[in-house]
Amino acid sequence: MLDAQFIREHPDLVRRAIAQKGTEEVSVVSSILEADERHRAAVTELQDIRTEANDEAKKIGRLMRDGEQKAARVAMANAGKLKSRAKEVEELVRETEAILNILLLVVPNIPHTSVPIGKSPEDNRVVKEYGLRPELDFDPLLHWEILEKYDLADFDRGSKVAGAGFPFYTGKGARLQRALINFFLDVAVEEGGYIEIQAPLVVNNASATGTGQLPDKEDMMYEIKRDGLFLIPTAEIPVTNFFRDDIIPESDLPIKFCAYTPCFRREAGSHGKTVRGLNRIHQFDKVELVQFVHPEKSYEALESLREDAESILKKLELPYRRLLMCTGDMGFTQSKKYDLEVWSAAQKRWLEVSSISNFEAFQARRMQIRYRPSDGSKLQILHTLNGSALAIPRVVAALLENNQHADGTVAIPDVLRPYTGFDTIG
RNA sequence: GGAGGGGUGGCAGAGUGGUUGAAUGCGCUGGUCUCGAAAACCAGUAUACCUGUACGGGUAUCGAGGGUUCGAAUCCCUCCUCCUCCGCCA
């Protein structure tokens with residue numbers, strides 16, 4: 001969320017941002033300014049009353065000690081009056097604060113100036129395409145056909161045991177995914193300098209609010225009502241909340257974490273061809289990168305994080321493209337976001353395998369993650385970023401489709417062979 | 001799951017109703033001293049918010065939230081969390 005003070009000082013900037021993102025009415029800014037005004041007036045009044053009440057209480061203490069019972073009783077009566085007045089104003093403060101907070105939570109993050117203005121996915125900018133899309137001179141199988149042919153996954157049994165969208169991975173299919181997880185983590189740790197984290201797979205309400213999934217996007221998450229927990233839709237939530245309410249010395253920045261976790265997404269209402277096979281499932285594996293950085297370094301960090309994700313696609317020799325998301329398609333919490341999409345040779349379409357975002361202070365402010373400047377000046381909110389590196393199932397889909405040969409076999413990329421222990425499938 | 005004991009400032013650790021935002025020690029910063037350093041000594045050292053042109057003034061915060069009281073770190077209730085013992089368990 002944005003700071004009320006920031007909105008107070010830059011109302012037009014915020015209005016423009018809301019218009020560009022299109023998630024909310026611009027008029028919310030005026031409502032916020034008004035609510036903020038009323039809230040501050042109430043706070044000031046309450047504080048004045050308390051000042052008086054505190055003085056009175058101290059006076060009573062003095063009088064009691066000096067044995068002046070009568071004067072003390074007079075002061076007590078006066079203090080009692082102040083107390084009931086304070087109670088009324090307290091209620092007003094609570095009320096105005098609640099209104100202000102509700103309004104503040106719906107204000108989206110402000111897009112960076114380099115972000116193209118647009119409404120829909122068509123307005124996203126394809127920045128660059130890497131690698132050559134394979135020209136297959138035979139009738140290629142779709143990845144779900146390959147999975148079935150070689151017993152790499154079992155969707156039907158997954159449906160029986162859990163439900164649609166919870167496949168089993170079997171044999172080489174399971175091993176291939178484990179290989180990818182290990183490979184991605186090794187690249188992040190050894191080449192990217194990320195600290196490996198194993199995170200809780202469930203989070204509480206406060207954590208989901210901190211990264212921005214709540215209050216709005218709770219429909220994407222599986223909820224364990226009985227215990228007040230959510231299954232994580234991404235490692236972003238637990239890993240970013242690692243430092244919630246913490247103060248980090250400036251000299252420790254940047255802090256870079258990587259984490260492998262399964263991810264659980266309800267994906268309500270999606271059916272059809274584009275979600276077949278591994279294209280969109282309720283539980284999938286992902287390696288996530290998260291960075292906590294100095295505010296002045298966050299755009300630099302965004303590019304390096306992006307390169308960390310891209311380096312994996314290059315090593316796997318997968319053709320991919322990079323999209324710069326437009327204001328209307330990048331979501332509520334981001335200031336700037338790239339998507340990486342890998343080419344799927346049999347489906348003949350692009351699959352999103354990574355989403356890399358700079359949230360600036362938007363998440364960190366919700367979570368109160370601050371750093372202590374080395375020069376001793378006052379605490380500052382830091383910036384958070386994250387990116388997938390990468391989502392596993394769609395990488396599997398692309399690998400199977402792109403690397404299949406006319407004889408039906410599928411080649412494993414060189415870099416993965418030490419991890420899989422086999423060179424081909426089929 | 002049962003029984004008991006804790007959660008105080010960067011850290012350690014006092015404080016059971018009255019000028020306690022909080023003793024003391026350590027750490028840190030500045031100064032004195034010194035050729036320099038150490039030691040010693042002196043001073044400073046939380047966060048958020050409100051208010052004020054400024055110097056400043058004020059409010060809140062001792063795990064969280066309620067309550068009692070003129071006044072709460074201190075008393076009461078609920079919750080969270082940590083520790084010890086017992087039970088259960090991959």
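**Ground rules**

I number residues from 1 along each chain as its sequence is written, and chains are lettered from A, with ligands numbered from 1, in the order in which they are written. Because the model is predicted, local features need pLDDT of at least 70 and side-chain atom pairs count only at pLDDT 80 or more, while totals for chains, interfaces and linings use all residues; side-chain values use heavy atoms, with hydrogens and water left out.

**Entry 1: two domains**

I looked up how chain A is divided, and found domain 1 (4-105) and domain 2 (121-425); these bounds come from an automatic or database domain assignment. Their C-alpha centres lie 44 Å apart. Where do the two meet? I found 4 residues of domain 1 in contact with 9 residues of domain 2, contact meaning heavy atoms within 4.5 Å.

The domains bury about 550 Å² between them, 56% of it on carbon and sulfur atoms. In domain 1, Gln20, Lys21 and Leu105 lose the most area to domain 2, together 90% of what that side buries. Buried area here is the accessible area (1.4 Å probe) that two parts lose on being put together, summed over both.

Next I checked for salt bridges between the domains and found 0. A salt bridge needs a side-chain nitrogen of Lys or Arg within 4 Å of a carboxyl oxygen of Asp or Glu.

**Entry 2: strand β16**

Is strand β16 buried or exposed? I found that 9 of the 9 residues of β16 (residues 383-391) are buried, so the strand is largely enclosed by the rest of the structure. Buried means under 20% relative accessible area, exposed over 50%, and partly exposed in between (1.4 Å probe, protein chains only). Strands (E, at least two residues) and helices (H or I, at least four) are DSSP runs, numbered from the N terminus.

Then I looked for the partners of β16. Strand β10 (residues 283-293) runs antiparallel to β16, joined by 7 bridges, with Val293 partnering His383. Strand β13 (residues 349-360) is also antiparallel to β16, with 4 bridges, and there Glu360 partners Thr384. Two strands pair if DSSP finds at least two bridges between them.

**Entry 3: a stop at Thr274**

I found Thr274 in the loop between β9 (255-264) and β10. With 47% relative accessibility, Thr274 counts as partly exposed. Not counting residues up to four places away in sequence, Thr274 touches Asn279 and Arg349.

**Entry 4: salt bridges**

How many salt bridges are there by this rule? The count comes to 18.

I looked at Arg8 and Asp36, whose side chains meet at 2.6 Å, N to O. This pair links distant parts of the chain, with Arg8 in helix α1 (residues 4-9) and Asp36 in helix α3 (residues 28-65), 28 residues apart. Arg8 is partly exposed at 34%, whereas Asp36 is buried at 4%.

Glu37 and Arg40 form another salt bridge, at 3.4 Å, N to O. Why are they separated by about one helical turn? They are 3 residues apart in helix α3, which means about one turn between them.

My next pair was Arg321 and Glu341, at 2.8 Å, N to O. Arg321 sits in strand β11 (residues 320-324) and Glu341 in strand β12 (residues 336-344), 20 residues apart. Arg321 and Glu341 are buried.

Last, I noted a network of salt bridges linking Glu303, Arg306, Glu307, Glu310 and Arg322.
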